[in-house]
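Dear colleague,

I am handing over the structure below, and I would be glad if you could look through it alongside the notes that follow.

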Amino acid sequence: MQLSPEQRTAKLARWTNPPSKAEEQRLERALRMVTRAVQQHPQFADLGLSVEAKGSWANNTNVSSDSDVDIKVEFTQRVYQGSSASGMNFWELALHPNSYKGPWTPEAFRQELGVALKGVSSAVDATHNVAFYVPDVPGSRPSTDVVPCFTYFRQPGWNRPTAQGTVVFTKDGKHRQLVPPAADQR
């Protein structure tokens, strides 16, 4: 069914409204589920992981009942750095000199996060390239995309401040930097 221009406008307006109390509770349940998975997983004890909402919920857009929630699980002890304003190539991506030197590689972290998530939900879909997908529980929580990532610092030039964001290593061996636009324009 095709929406009329008025119906499209109404739907977009609803998406940009702040979440209702019920929607906020559903989103918080998704965040608690991921936080619980990380906290209860013995292999993640004392690793300095940060769990927080990203995307539409965090920036107050598309939070209506038919939206999913994006949550990042950031490994904050293993820090990467780069210098490119347009992205990272092989030569520009490096471990930060003072960063974590333990056994956790991006592949190992991704795999173990999948195990942790399956400890709280048997329906985790690990086939996606970037995020783990956890389907919704009708009336309880929305579908959830869980992104494993690492802290990333970018020094775009000699006289420009460092921007902090995250880097995501995908299943296909590539990586994406996620530096918030506001941090990029300082």
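In strand S6, glutamine 164 is the residue that stands opposite phenylalanine 153; strands here are DSSP runs of E with at least two residues, helices are runs of H or I with at least four, and both are numbered from the N terminus. Before going further, please note that this is a predicted model, in which local features need pLDDT of at least 70 and side-chain atom pairs count only at pLDDT 80 or more, while totals for chains, interfaces and linings use all residues. Residues are numbered from 1 along each chain as its sequence is written, and side-chain values use heavy atoms, with hydrogens and water left out.

The protein has five helices and seven strands, and from the N terminus on they follow the order α-α-β-α-β-β-α-β-β-β-β-α. Of its 186 residues, 39% are buried, where buried means under 20% relative accessible area, exposed over 50% and partly exposed in between, with a 1.4 Å probe and protein chains only.

To return to the strands, S5 and S6 run antiparallel and are joined by five bridges; two strands pair if DSSP finds at least two bridges between them. S5 also runs antiparallel to S4, with three bridges, and there valine 134 stands opposite threonine 144 of S5. With S2, by contrast, S5 runs parallel through 11 bridges, and tyrosine 80 has tyrosine 152 in S5 as its bridge partner. S5 is mostly covered, with 10 of its 11 residues buried.

Leaving aside neighbours within four places in sequence, alanine 116 is in contact with Ala37, His41 and Phe44, contact meaning heavy atoms within 4.5 Å. Alanine 116 and valine 38 are 78 residues apart in sequence, yet their C-alpha atoms are 6.2 Å apart in space.

Turning to the aromatic rings, those of Phe, Tyr and Trp (its six-membered ring) pair if their centres lie within 6.5 Å, with planes under 30 degrees apart counted as stacked, over 60 as edge-to-face and the rest as tilted. By this rule there are six aromatic pairs. In one of them, phenylalanine 44 and tryptophan 104 have ring centres 5.8 Å apart and planes at 55 degrees, so the pair is tilted. This pair links distant parts of the chain, 60 residues apart, with phenylalanine 44 in the loop between H2 and S1 and tryptophan 104 in the loop between strand S3 (94–95) and H4. Phenylalanine 150 and phenylalanine 169 form an edge-to-face pair, at 5.8 Å centre to centre and 75 degrees between the planes. Ring pairs link Phe44, Phe75, Trp104, Phe109, Phe150 and Phe169 into a cluster.

With best regards
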